[in-house]
Amino acid sequence: MTFKPLGPGAPKGWLIERLQDLVERFDADSSGATEWWRIASHASARVDNRIYLFKQGFDPRGIFGVGTIVQGPEYRDNSSDHEGMQHRALIRFTALVDPTKGFLLAVPEIADIVPPSVINAQASGNKVADDVAEQLDRRLAAWIAEASPPLGVDQADDEAFDPDSIEEVRRRALRAIRVRRGQPAFRAALLQTYAGRCAITGCAVPDVLEAAHIVPYQGLLTNHVTNGLLLRADLHTLFDCGLIAVRLDTRRVVTSPSLEGSSLCEAGWQGAAPSE
C-alpha cells in the first residue's frame, strides 16, 4: 500500500494531518486503529493478507506501517484521501510510525530485496512476490513481535478444514517455515559456526534447525553470528516465548519454572559450541 502526501505532485494524496491522526489513534489503541486503503490487486487480496505501508513521492521514502486485511476489498470512498470511489481494503495495523519522523525500514534497507518496479510503483496495493514478502517479514520481525501481545497457551489457528484451499494452506505453511528458518545467509553462517548442530541439544538434522536472533532483528547489522543461535525449531519457539535463555558468560541454558518436569526441559543439555 502506498501513501502520498497531498501536494502539487499528488493532488489526490493524503493530508499529512490525517495520517498523523491515524498514527495517534494507533499509539493510543493499536487494536482499534483501522483504515480503508486503496488496493490495486483487489481481485487476489484476501482477509488476513499481510500489507506493507510505503511512503511514495519525494525522498525520503520507506515502509512506515505493517498490518493485515481485516475486511474487503470492496468498492467505496474514503474521506482521508481525495481519490473518490476506489477498491479498498480495511487494514488493521500491527506497527505504524509517522513517516515525517522516520521509517520502520527506509529504502536503502530494502533496495537489495525489493525490485525497483515495486519501490517506484505509483499505484497503491500492488501484490508483493512471496520471496520478497518473506524477506520483508524477517526484517520487520522486531516491530511485528513488539506490537504483538504474548501468545497464551490456548491460542492457535482455528480455521475450519477446507479441502479446496489445501494448496494455499500448504504454500503458507512452507512460507512460514522459511521465515522461521531465518535469512539464508545468516542461517548458513550459523550452520557453519555451530558445525550444523543445535546450540542447545546438539541436534544435527538441518531441516529442523533455525536461525534465532539474540537481540531481535533491527537491520542488517544484527544479522551477525555473534547475535545468533542455531536452534532446533521447538527450542526456537521456547526461546522467542521467553521460556528458555542462554547465559552468554557461561553458555548454560536457563529455563522458566513453568518448564520444570516437562519433556522439553532435558537434563544435561550440552549442545554445540560456536567455532572461534
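Q: Does Asp 48 count as buried or exposed?
A: Asp 48 counts as exposed, since its relative accessibility is 53%. The cut-offs are under 20% relative accessible area for buried, over 50% for exposed, and partly exposed in between (1.4 Å probe, protein chains only). Asp 48 sits in the loop between strand 2 and strand 3 (50–55). Its phi is near 85 degrees, a positive value in a residue other than glycine.

Q: What kind of model is this, and how are residues numbered?
A: This is a predicted model, in which local features need pLDDT of at least 70, side-chain atom pairs count only at pLDDT 80 or more, and totals for chains, interfaces and linings use all residues. Numbering starts from 1 along each chain as its sequence is written, and side-chain values use heavy atoms, with hydrogens and water left out.

Q: What is the mean pLDDT of the chain?
A: pLDDT is the predictor's confidence in each residue, from 0 to 100. The chain has a mean of 77, and 73% of its residues reach 70 or more. Over residues 146–151 the value is below 50, and this stretch has two contacts in the model beyond near neighbours in sequence; a contact means heavy atoms within 4.5 Å. Where pLDDT is low, the predicted coordinates should not be read in detail.

Q: How many helices and strands are in the chain?
A: The chain holds eight helices and ten strands. These are DSSP runs, numbered from the N terminus: helices are H or I with at least four residues, strands E with at least two. Of the 276 residues, 38% count as buried. Among contacts with a separation of 6 or more, 64% come from residues 24 or more positions apart.

Q: Which residues of helix 1 are buried?
A: An α-helix has 3.6 residues a turn, so residues three or four places apart point the same way. In helix 1, the buried residues are Leu 19, Leu 22, Val 23 and Phe 26. They lie on the same side of helix 1, because they cover an arc of only 100 degrees around the axis; the arc is that of the directions from the helix axis to the C-beta atoms. The face turned away from the buried side carries the exposed residues Glu 17, Glu 24, Asp 27 and Ala 28. The buried residues of helix 1 pack against strand 1 (2–3), strand 2 (34–38), strand 4 (62–76) and strand 5 (86–96).

Q: What span does helix 1 reach from its first C-alpha to its last?
A: The expected span of a helix is 1.5 Å times one less than its number of residues. Helix 1 (residues 16–28) has 13 residues and reaches 18 Å, close to the 18 Å expected.

Q: Where does Glu 35 lie?
A: Glu 35 lies in strand 2, where four of the five residues are buried. Glu 35 itself counts as buried at 8% relative accessibility. Its side chain makes a polar contact of 3.2 Å with the side chain of Arg 25. A polar contact is a pair of N or O atoms within 3.5 Å; within protein, one must be able to donate a hydrogen and the other to accept it, and residues adjacent in sequence count only if both atoms are side-chain atoms.

Q: In what sense do strand 2 and strand 5 pair?
A: Two strands pair if DSSP finds at least two bridges between them. Strand 2 and strand 5 pair in the antiparallel sense over five bridges. The bridge partner of Glu 35 in strand 5 is Ile 91.

Q: Which residues does Asn 120 touch, not counting those up to four places away in sequence?
A: Asn 120 touches Gln 56 and Arg 61 on that count. A polar contact of 3.1 Å joins the side chains of Asn 120 and Arg 61. Asn 120 is in the loop between helix 3 (116–119) and helix 4 (130–139), and is partly exposed at a relative accessible area of 40%. Its C-alpha atom is 8.6 Å from that of Gly 57, 63 residues apart along the chain.

Q: Which residues of helix 7 are buried?
A: In helix 7 (residues 184–193), they are Phe 186, Arg 187, Leu 190 and Thr 193. They fall within an arc of 125 degrees seen down the axis, so they line one face of the helix. Pro 184, Ala 185 and Gln 192 are exposed on the face turned away from the buried side. Just after helix 7, Ala 195 takes a positive phi of about 55 degrees. Ala 195 is exposed, with a relative accessible area of 62%.

Q: Which peptide bond is cis?
A: The bond from Gly 72 to Pro 73 is cis, with omega near 0 degrees. Pro 73 is found in strand 4.
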